[in-house]
Amino acid sequence: MNILEIENLRKEFTNKTTKKPIVAVDNISLSLERGKTLGIVGESGSGKSTLGRIMLRLVEPTSGKIIFNGTNITNEKPAELRKLRSKMQMIFQDPMVSLDPRMSVRELIQEPLDIHNLGTKAERTKAVEEISEKVGIAKSALEKFPHEFSGGQRQRISIARAVINKPDLIIADEPVSALDVSIQAQILNLLKELRREMNLSFIFISHDLSVVNYFCDEVAVMYLGNIVEYAPTSELFTSPMHPYTQALISAIPEIEIETKSKRIILTGDVPNPADAPSGCHFHPRCPIAIASCARQTPLLKNYGSNHQVSCNLVGVNA
Amino acid sequence: MSTLRRILKRKSALLSLIFIALITLAAIFAPLIAPFSPNEQFKDGLTLQGAPISPSGTYLFGTDLLGRDLLSRLIYGARTSLIVGIIANGVAVLLGTTVGITSGYLKGRIGSIMMRFTDLMMAFPALLLAITLAAIFSPSLLIVALVIAMVNWVQIARVIYTQAISISEREFVIASRGLGATNQRVLLKHILPHLLPTVLVYATLGIATTVLLEATLSFLGVGVRPPTPSWGNIIFENQTYFITAPWLVFTPGAAIILLALSFNLLGDALRDELDPTQRGLS
């Protein structure tokens with residue numbers, strides 16, 4: 001059974017002065033198998049973080065369905081939702097702002113247990129000490145406060161907080177983007193280890209393709225609120241079909257100069273979502289766009305096993 | 001080391017605490033300490049021309065315009081001022097914080113209604129409101145304190161409201177809600193501790209303004225009834241002698257300032273020591 005399914009999720013924000021709707025997430029459907037990891041990649045402003053928060057209903061969707069573990073949670077009442085929250089957790093990008101600076105590490109890690117009232121006082125203390133040892137926080141450091149730690153250590157605290165309740169699903173929103181490269185690898189390995197031991201399912205939101213390649217089973221590429229390509233990781237990286245994905249992958253730095261394929265340079269910036277281009281949102285920056293792309297909105301279609309692409313020209317040229 | 005111990009290590013905080021304790025003791029044991037009855041008018045309490053007597057052996061702080069012993073009046077006045085200062089300001093801070101924090105966190109309709117009500121209260125001239133309220137209820141010490149609280153909570157609610165809004169948007173609050181925390185928990189465990197510096201500033205600074213507002217009310221005849229002394233009404237009663245007998249205004253004034261300063265310094269120390277990122281830095 002799938003741990004998480006979302007159907008036709010849409011989120012519009014309304015600009016308060018112009019009253020114009022801004023579509024942050026446009027009609028997205030995804031599913032995640034238990035124990036698997038789905039990466040969501042995209043530039044800033046592509047709607048990936050909003051999508052992640054909608055999945056946990058930290059942001060309410062405008063329309064669409066969220067099914068967690070077989071339960072439709074889209075319209076779940078706050079009290080019911082609170083109970084379910086112990087099974088779905090979030091890891092934020094910057095632990096400096098997502099950890100309350102006035103709480104000690106022990107209080108922070110214990111908070112999920114306190115909230116859901118699990119176990120006795122002694123059991124909670126024991127659980128905190130076990131999990132902090134597992135993520136690599138010394139027992140002696142538990143009485144310290146978040147600002148006394150390095151970035152990597154702080155992210156370990158966030159991770160301990162996320163997994164102490166033995167959740168089924170973790171939504172990690174850029175969990176390593178704020179860290180040094182050497183620390184990134186340690187944190188990713190820790191997440192991998194926990195994923196194996198606890199059979200966790202992950203939604204992994206990132207802008208860093210090499211990190212996604214290392215960590216995810218499947219990848220969805222987002223552009224301006226839409227999914228442009230959705231495929232198993234190995235397939236996406238070896239044979240990307242959407243011109244945007246191709247450009248992103250060609251931009252990953254490589255060590256072997258000879259094998260380096262030609263870099264596809266995209267011009268311009270991500271357009272303002274309040275004023276998204278007509279037809280295919282990507283057409284003003286697309287290297288292969290033709291005139292009809294400005295009119296025709298592409299649909300996400302299947303090409304081969306589980307490889308979905310949203311482009312007017314894929315399949316036509318091939 | 002406990003927070004209290006760390007606070008006591010600061011010289012300014014320790015001195016403040018000692019001063020507040022002394023004033024409190026003086027207020028409680030006023031009948032034992034005061035050399036005279038505060039309301040007795042002494043035959044030798046005025047000069048032959050009818051002017052107050054300057055500080056001397058018998059009347060340590062001199063006498064006031066009616067020939068009463070100023071020191072005794074100050075000691076008894078500490079009762080009124082402390083009770084009004086602590087009750088009035090305490091209620092104002094409590095009410096202002098509660099209204100501000102709930103409307104700031106809940107936003108929506110309930111928040112709007114609460115804040116519009118606060119705006120309404122703010123639009124009333126504070127003194128007029130206080131006089132009206134004091135006229136409706138017969139003035140006793142407690143009523144005066146509550147009237148002052150009714151006037152003072154509004155600004156506190158406003159400031160707390162805006163801060164609560166900005167804190168409730170911070171990521172650790174979203175993270176805590178994501179963990180399944182109830183509104184009550186978020187408010188008490190995450191938002192309130194971050195509002196503590198502001199609350200403490202109001203709780204300590206407010207003492208001085210409260211004592212002065214009580215004096216104003218007394219002066220207008222709707223505060224503490226004469227001859228009961230309060231630091232504020234001692235100043236007002238004697239202000240006509242400001243040039244010839246300055247001690248009548250300066251001693252109660254100094255008492256108000258020192259009390260306010262002590263509460264302030266203590267509040268500062270408490271604020272710094274309760275914030276883990278500031279602890280031990282100053």
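## A salt bridge between the chains

In this predicted model, Glu111(A) forms a salt bridge with Arg185(B), the closest N and O atoms being 3.4 Å apart; the term stands for a side-chain nitrogen of Lys or Arg within 4 Å of a carboxyl oxygen of Asp or Glu. Across the interface of chain B and chain A, the rule finds two salt bridges.

On the side of chain B that touches chain A, the elements giving two or more residues are helix 8 (171-178) and helix 9 (183-219) of chain B, where helices are DSSP runs of H or I with at least four residues, strands are runs of E with at least two, and both are numbered from the N terminus. Helix 8 of chain B gives the largest share, seven residues.

## The area between the chains

Contact, meaning heavy atoms within 4.5 Å, links 23 residues of chain B with 23 residues of chain A.

## The sheet of chain A

Eight strands of chain A form an open sheet of mixed pairing, in the order 6-7-8-3-9-10-12-11, and two strands pair if DSSP finds at least two bridges between them. Strand 6 (88-91) and strand 11 (301-302) of chain A stand at the edges with a single partner strand each, so one side of each has no neighbour in the sheet.

Strand 10 (residues 226-232) and strand 12 (residues 308-309) of chain A pair in the antiparallel sense over two bridges, and Tyr230(A) has Gln308(A) as its bridge partner in strand 12 of chain A.

Residues are numbered from 1 along each chain as its sequence is written, while chains are lettered from A and ligands numbered from 1 in the order in which they are written. Local features need pLDDT of at least 70 and side-chain atom pairs count only at pLDDT 80 or more, whereas totals for chains, interfaces and linings use all residues, and side-chain values use heavy atoms, with hydrogens and water left out.
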